[in-house]
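I opened my notebook and put the structure on the screen. Here is what I looked up, entry by entry.

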Amino acid sequence: MSATPAVDALDRRLGTPGDEHPAYLPSALTALDRQEAFPADACRVLDDFGLAAHYVPATAGGRLRDHTELLQLLRTVARRDLTVAVGHGKTFLGAASVWVGGTPEQARRTGASITAGSVASWGLTERGHGSDLLAGEVSAVRDAGGWRLNGEKWLINNATRGDLVCVLARTSPDGGPRGFSLFLVDKRQLPEGAHTCLPKVPTHGIRGADISGITFHHARLTDDTLVGEVGAGVEIVLKALQITRTVCAALSLGAGDTAVRIAVDYARHRSLYGRTLAELPRVRRILGEISAAQLLAEATGLVASRSIHALPGEMSVISAITKALVPDLAQHVIDRTAELLGVRGFLSEQYADGTFAKLDRDHRVVAIFDGNTAVNRNALIDQFPLLATRYRRARTQPAATTATTGATALTAATALGRDLGDFSPRHLSLISSDGCSLVQSLPEAAARITAEADAGRLPRETAVLAERIRAEADALHEELAAQRRTPRDVPAESFALAERYELCYAAAACLRLWLDNPWPAGRAGEVPAAARNGLWLQACLRLVLTRLGHRLDEAGATAYDRLADHALDVSGATSLTTLLPGPASRSTS
């Protein structure tokens with residue numbers, strides 16, 4: 001699967017490094033950041049392109065048929081500027097609850113409003129309560145023919161500039177899981193005095209974004225603003241978060257793309273000891289290692305976004321993994337790039353118009369969106385017993401997963417050229433009763449990689465790495481099964497186990513992407529240079545094992561060096577490392 005026509009068109013519209021659209025000039029965007037001003041002109045370009053229609057499902061009158069395309073569209077924006085991606089993309093997050101829990105008529109009405117230019121936001125958090133949604137104090141009380149909404153939502157993206165706010169409100173005085181409901185509030189229809197927008201909150205990153213709040217003063221809402229049933233608010237939010245957390249990977253992937261590009265450009269042009277940095281072995285090793293980390297993050301994001309369609313019942317696991325791991329990998333890429341740049345990474349104007357310094361600040365905020373890393377790992381920990389049981393069953397009784405259009409659902413998630421069916425929100429679940437099909441397939445995938453190596457289609461080293469990861473997964477699931485916890489007593493070591501599980505998921509994504517797609521030369525389709533002889537696969541598996549704490553033979557690290565050669569050979573592209581064939585991944589050599 002190459003980038004879709006919409007992704008290619010948006011990439012061309014925004015321009016290439018050195019030939020950007022005027023609204024996306026790095027100097028203009030960093031100037032707005034220093035002024036803490038919203039990037040209105042840059043967002044207007046996205047409006048004119050029609051990006052908002054891609055936030056709306058086709059069933060509601062929009063163009064969203066494939067969440068992987070949406071991931072790539074937002075990644076394309078984030079590659080230029082995270083503040084723009086966050087400010088514009090928040091409309092998708094703000095409306096997600098309607099796509100998941102609203103009526104068809106409500107979805108169509110909301111979709112038409114967004115397509116026409118309305119900006120949406122998501123009113124979940126409150127001052128002093130953070131991620132604890134069940135502690136929310138904003139209330140909605142039954143009134144004649146509707147509801148009365150009172151209270152303050154705070155640290156809300158687009159709270160001031162947004163037109164629509166999807167508000168989680170307490171509808172039962174006792175609260176609890178069934179004590180909250182969702183309301184889609186159109187601020188433009190509220191009478192004067194019914195709401196007050198709170199001042200913009202200064203932030204370390206995404207300084208120009210509208211991070212503010214809103215207070216409702218006995219705001220009267222009609223019954224048709226209720227999203228889903230009374231008392232279903234928390235459940236709808238948790239299911240919507242499974243989608244938004246996955247799509248948020250686009251922000252980190254775009255940030256990682258830019259960090260790799262800056263690192264490669266700096267290594268090419270900076271001289272030291274009579275040579276360019278790109279000629280120094282240590283620098284090439286850094287470039288190769290961050291390229292591998294970026295590819296590992298992309299593999300995770302691609303499979304996760306396709307799983308929204310192919311494996312919706314498992315998204316409670318997959319979304320938690322994606323939201324924890326992908327920002328972590330991207331931040332690693334950014335941190336290693338900062339190490340390479342040295343003092344230039346801290347310059348806000350003199351080097352690359354301050355693009356890297358802004359990127360570093362901006363991305364640190366991304367990990368907080370839609371639940372921070374600890375929140376997502378806790379969601380994964382909650383499912384450890386079931387994950388351990390399902391993995392053990394798959395090891396002893398291997399069986400095909402649920403069929404999707406003649407193929408297994410898992411293959412639909414990992415075969416990039418295979419069409420995905422429509423997303424079905426009703427199949428989302430708060431707990432994955434099927435475990436995690438991708439991780440459960442890891443032993444079989446490792447065996448297939450060994451067969452590929454035996455047939456001479458992959459280096460033997462790749463099979464050795466795959467087998468070591470398989471052994472790690474076996475041992476990990478034994479530890480998961482032995483964990484003992486209560487909802488209020490989560491052992492500290494559980495978070496380390498969650499991180500190891502995320503890495504096993506990423507490794508399984510790489511293995512299945514290799515096995516289920518025509519990468520090797522001689523098969524059909526365009527082959528990215530980094531795929532030759534399984535180069536990206538070997539480098540990614542090595543990175544996984546290193547992050548799992550394994551000591552590896554130094555000889556195998558040459559995979560990073562060869563990956564660096566690929567990155568250094570690509571010029572004029574907006575993304576230097578990607579698993580997707582197309583203009584952004586072609587070598588100019």
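**Entry 1: Gly102**

I started with the contacts of Gly102: leaving aside its neighbours within four places in sequence, Gly102 is in contact with Ser97, Val227 and Gly228. I noted that the model is a predicted one. Where does Gly102 sit? I found Gly102 in the loop between α5 (82-101) and α6 (104-115). Next I checked its accessibility. Gly102 has a relative accessible area of 23%. Buried means under 20% and exposed over 50%, so Gly102 is partly exposed. Gly102 and Leu184 lie 82 residues apart in sequence. In space, their C-alpha atoms are 9.7 Å apart.

**Entry 2: the whole chain**

I stepped back to the chain. How many helices and strands does the chain have? I wrote down 20 helices and 14 strands. Of the 589 residues, 60% count as buried. Then I looked at contacts between residues at least 6 apart in sequence. Of these contacts, 76% join residues at least 24 apart.

**Entry 3: two residues with positive phi**

I looked up Glu36 and Asn158. Glu36 is not a glycine, yet its phi is positive, about 55°. Asn158 is not a glycine either, and its phi is positive at about 75°. Both sit in loops. Glu36 is in the loop between α2 (26-35) and α3 (40-49). Asn158 is in the loop between β5 (146-157) and β6 (164-170).

Is Asn158 buried or exposed? I read a relative accessibility of 0%, so Asn158 counts as buried. For Glu36 I read 35%, so Glu36 is partly exposed.

**Entry 4: Cys504 and its helix**

I moved to helix α18 (residues 492-515), which holds Cys504. Cys504 has a relative accessible area of 0%, so it is buried. What does Cys504 touch, not counting residues up to four places away in sequence? I listed Val439, Leu442, Glu472, Ala473 and Leu476. I also noted Val544, which is 40 residues from Cys504 in sequence. The C-alpha atoms of Cys504 and Val544 are 7.7 Å apart.

**Entry 5: α10 against α18**

From α10, the contact uses Val317, Ile318, Ile321, Ala324, Leu325 and Asp328. From α18, the contact uses Glu499, Tyr501, Glu502, Leu503, Tyr505 and Ala506. I sorted the residues of this contact of α10 with α18 by class: nine are nonpolar, none polar and three charged.

**Entry 6: α10 against α11**

I stayed with α10 and turned to helix α11 (residues 355-366). The axes of α10 and α11 come within 10 Å and cross at roughly 155°. Angles over 145 degrees count as roughly antiparallel, so I put α10 and α11 down as roughly antiparallel. α10 passes α11 in a left-handed crossing. Which residues of α10 meet α11? My list for α10 has Lys323, Pro327, Ala330, Gln331, Ile334, Asp335, Thr337, Ala338 and Leu341. Facing them in α11 are Phe356, Leu359, Asp360, His363, Arg364 and Val366. The contact of α10 with α11 has eight nonpolar, three polar and four charged residues.

**Entry 7: α13 against α17**

My last pair was helix α13 (residues 384-396) and helix α17 (residues 460-482). They pack at an angle of about 135°, with axes 8 Å apart. α13 and α17 are therefore oblique to each other. Their crossing is left-handed. On the α13 side I noted Phe384, Leu387, Ala388, Tyr391, Arg392 and Arg395. On the α17 side I noted Arg470, Ala473, Asp474, His477, Leu480 and Ala481. By class, the contact of α13 with α17 has seven nonpolar residues, one polar and four charged.

Key. Residues are numbered from 1 along each chain as its sequence is written. This is a predicted model: local features need pLDDT of at least 70, side-chain atom pairs count only at pLDDT 80 or more; totals for chains, interfaces and linings use all residues. Side-chain values use heavy atoms; hydrogens and water are left out. Axes are lines fitted to C-alpha atoms, for helices over the stretch in contact, and angles run from 0 to 180 degrees between N-to-C directions. Helices (H or I, at least four residues) and strands (E, at least two) are DSSP runs, numbered from the N terminus. Angles under 35 degrees count as roughly parallel, over 145 as roughly antiparallel, 65 to 115 as roughly perpendicular and the rest as oblique. A crossing is left-handed if the near helix is turned anticlockwise from the far one by less than a right angle, and right-handed if clockwise. Contact means heavy atoms within 4.5 Å. Ala, Val, Leu, Ile, Met, Phe, Trp, Tyr, Cys and Pro count as nonpolar, Asp, Glu, Lys and Arg as charged, and the others, Gly among them, as polar. Buried means under 20% relative accessible area, exposed over 50%, partly exposed in between (1.4 Å probe, protein chains only).
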